[in-house]
Amino acid sequence: MTEPMLEAVNVAKDLGSGAAKVAALKGVSLTLNGGELTLLMGPSGSGKTTLLSILGCMLTPTDGTVRVCGHSTAGAGPEDLALLRREHVGFVFQSFHLFPTLSATDNVRLALDVRGEPSRAARVRSREALAKVGLAHKTKAFPRELSGGEQQRVAIARAIVGNTSIILADEPTAALDGENGRAIMQILSEITRERGHAVLIVTHDPRLLPFADRVVHIEDGSIMGEERGGAKMQMNSRQSSRSNRQSGAGRTTRRRKIAGKRLRPGVSSLAPVRSRSRRQ
Amino acid sequence: MPLAFTLAFRNLIHDRLRLIATVIGIVFSIVLVTVQMGLYLGFERMVTTMIDHASADLWVMPRGTKCFEDPSLLNTRDRYRALSINGVAEAIPVVIGFADWRMPSGEMTPVFVIGSDLRAGGLQPWNLAEGRIEALSNPKAVAVDRTYFDRLGVSGLGATAEIRQQPVRVAAVTSGIRSFTTTPFVYMDVDRARAHTGVPADKATYVLVRLGPDADMVAVRRQLLSNISDVEVLTTAEFRERSRKFWLFGTGAGAALLAGALLGVIVGTVIVAQTLYSSTKEHLNEFATLRAMGSSRRYIYNVIVWQALLSAVIGFSIAALIGQVVVQLTAATALPIVITPELIVGLFLLTVVMCVGSSVAAIVQVTRIDPAMVFTR
């Protein structure tokens with residue numbers, strides 16, 4: 001539970017140049033541990049996506065260090081970063097990013113194919129991953145034949161099939177209705193516990209709080225606070241709601257009172273998300 | 001089947017309109033190249049067909065002869081000088097030249113007369129369809145090709161006409177001996193050829209030299225050049241090459257055909273490059289996703305190159321079928337399109353190179369891809 005999978009120390013990132021230069025991150029430090037589901041919450045423009053991109057080895061920081069499963073990204077070139085992603089990081093995206101011309105199995109298999117896994121074994125593992133997310137009966141279906149929730153499950157299967165230690169999810173429920181959003185969070189929560197993944201979810205949605213082991217709040221490129229379950233979550237929920245209102249996404253929330261040290265998933269009554277939060 | 005191949009194939013057939021545009025571009029390009037190269041090969045064969053069918057080890061010809069159809073003349077004494085050289089088994093005079101053929105109807109048409117010593121068999125008609133070679137020894141006997149019957153106003157064996165007011169009679173008919181100049185060939189005995197073309201009795205266009213069994217060609221050639229003045233002595237291969245170069249490049253005909261082929265390649269490359277580029281651009285999000293998943297650039301290049309190769313195979317297959325039809329349609333024309341196995345292999349490789357080369361722009365685009373774009377789309 002406490003084994004650090006991903007560490008960011010004093011990470012700063014400047015975007016743009018000259019007069020248009022913006023400090024997107026200002027010395028952010030964050031550690032992700034195995035078996036822990038972390039929510040990264042903050043208003044639009046707070047630096048969530050930039051931080052996610054850096055943690056996911058897609059961007060290199062202007063300053064500070066990032067270590068992925070013990071490997072530093074300092075001085076790494078694009079191919080080195082790709083190798084780190086391939087070996088250690090699985091991604092789940094808001095708009096799924098499935099390949100429309102490939103079946104569910106092949107979409108999942110792609111994550112193994114880029115690793116050079118033999119086809120036959122990869123096909124078996126892909127079907128197992130789909131079964132894990134409850135899609136054993138839809139292995140041959142194409143994305144257009146799947147609902148949004150099912151597509152996101154395929155994306156999760158794709159993220160976990162490579163047995164990466166870290167899963168980074170960008171607004172994984174934003175494009176889904178309440179029921180599907182809850183199901184997706186249930187799956188992410190289960191794989192965190194059962195497989196020991198370090199899971200980081202970027203979200204605006206306070207309804208995800210019950211599934212979190214930990215919530216990190218970011219604002220203006222800095223970490224504003226971090227809570228591990230308990231009553232603090234309630235405050236965080238209010239903060240998130242306020243943030244969402246500020247970013248124009250506040251109508252989606254219904255505040256809940258949450259008690260207990262660890263929030264149990266599935267207890268919230270997720271109302272359908274009527275408007276998608278703007279990403280930063 | 002590699003998944004990169006599956007992805008490439010599905011991407012390709014996903015947008016059928018674009019695939020059709022790509023395939024049309026490739027087919028247009030390859031058919032154009034096929035026709036141009038086929039014409040080139042056909043032309044190349046036709047300009048040397050007489051040399052190829054002559055039975056000679058060495059050709060003695062007036063200095064500066066450019067091609068087989070060059071009507072410069074030798075002195076027939078040269079033939080005897082040649083025969084006096086050790087190693088020369090036979091020296092056969094050949095006379096060529098243009099003449100007017102007068103049909104029974106009175107119409108005139110130019111013909112190309114080829115006269116050879118028929119007993120020695122230096123340059124005889126081949127592909128005989130009717131009659132016999134021996135019949136050409138008879139007075140007035142000539143051989144013509146059946147494809148020129150209409151042009152010559154004859155209907156077959158026994159038909160009569162006039163050349164230079166002298167009567168001739170068709171004694172043999174060949175099939176498929178066509179001239180790229182479209183002027184019909186008329187075969188006859190060498191003496192009659194002189195009479196019909198106005199070549200003096202002591203002149204000939206070529207002396208074809210056949211060597212004895214143990215003759216040293218280099219030594220004989222040297223001796224021929226030493227004994228006979230103002231002539232050139234070429235092997236059959238050398239004379240073929242000289243004729244080929246003259247007609248293909250001396251006249252600019254071959255250069256024009258090759259330029260047409262090059263144009264086809266350029267058009268094909270541009271069309272395929274454009275469609276592959278736009279296809280890649282449309283699938284940029286997918287390639288960014290692959291990159292985000294940690295795929296190497298090479299993996300993505302493989303997908304693009306597979307797309308190019310698949311386009312090449314589909315396009316080439318259709319172009320090959322069309323090319324086959326074109327070959328059959330032109331088989332009986334004055335300038336048939338010739339497709340050899342080597343040309344087919346070459347065209348396939350050209351198609352592959354053209355398509356893969358066309359993917360460079362798409363690959364460059366993917367090289368610049370930012371995997372982080374998956375968060376903003």
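Author: Happy to! Two residues are in contact here if their C-beta atoms, placed from the backbone, lie within 7 Å. This is a predicted model, and in it the contact between the chains draws on 24 residues from chain A and 24 residues from chain B. On the chain A side, the elements that give two or more residues are α1 (48-55), α2 (78-88) and α3 (104-113) of chain A. Sorted by class, that side of chain A has twelve nonpolar, five polar and seven charged residues.

How far can you trust it? Helix α3(A) is where confidence in chain A is highest, at 95, while the mean pLDDT of chain A is 81, with 80% of its residues at 70 or more. Confidence is lowest in helix α7 (residues 232-246) of chain A, at a mean of 47. Over residues 234-280 of chain A, pLDDT stays under 50, although the model has 101 contacts beyond four places in sequence for them. Where pLDDT is low, the predicted coordinates should not be read in detail.

As for the rest of the chain, seven helices and ten strands make up the elements of chain A. Buried residues are 52% of its 280 residues. Of the contacts in chain A with a separation of 6 or more, 72% join residues 24 or more positions apart.

Gly70(A) lies between β4 (63-68) and β5 (71-72) of chain A, and its C-alpha atom is separated by 7.4 Å from that of Met5(A), 65 residues apart along the chain. Gly70(A) counts as exposed because it has 10 other C-beta atoms within 10 Å.

Definitions and conventions. Residues are numbered from 1 along each chain as its sequence is written. Chains are lettered from A and ligands numbered from 1 in the order in which they are written. This is a predicted model: local features need pLDDT of at least 70, side-chain atom pairs count only at pLDDT 80 or more; totals for chains, interfaces and linings use all residues. Helices (H or I, at least four residues) and strands (E, at least two) are DSSP runs, numbered from the N terminus. A residue is buried if 20 or more other C-beta atoms lie within 10 Å of its own, exposed if 12 or fewer, and partly exposed in between; C-beta atoms are placed from the backbone. Ala, Val, Leu, Ile, Met, Phe, Trp, Tyr, Cys and Pro count as nonpolar, Asp, Glu, Lys and Arg as charged, and the others, Gly among them, as polar. pLDDT is the predictor's confidence in each residue, from 0 to 100.
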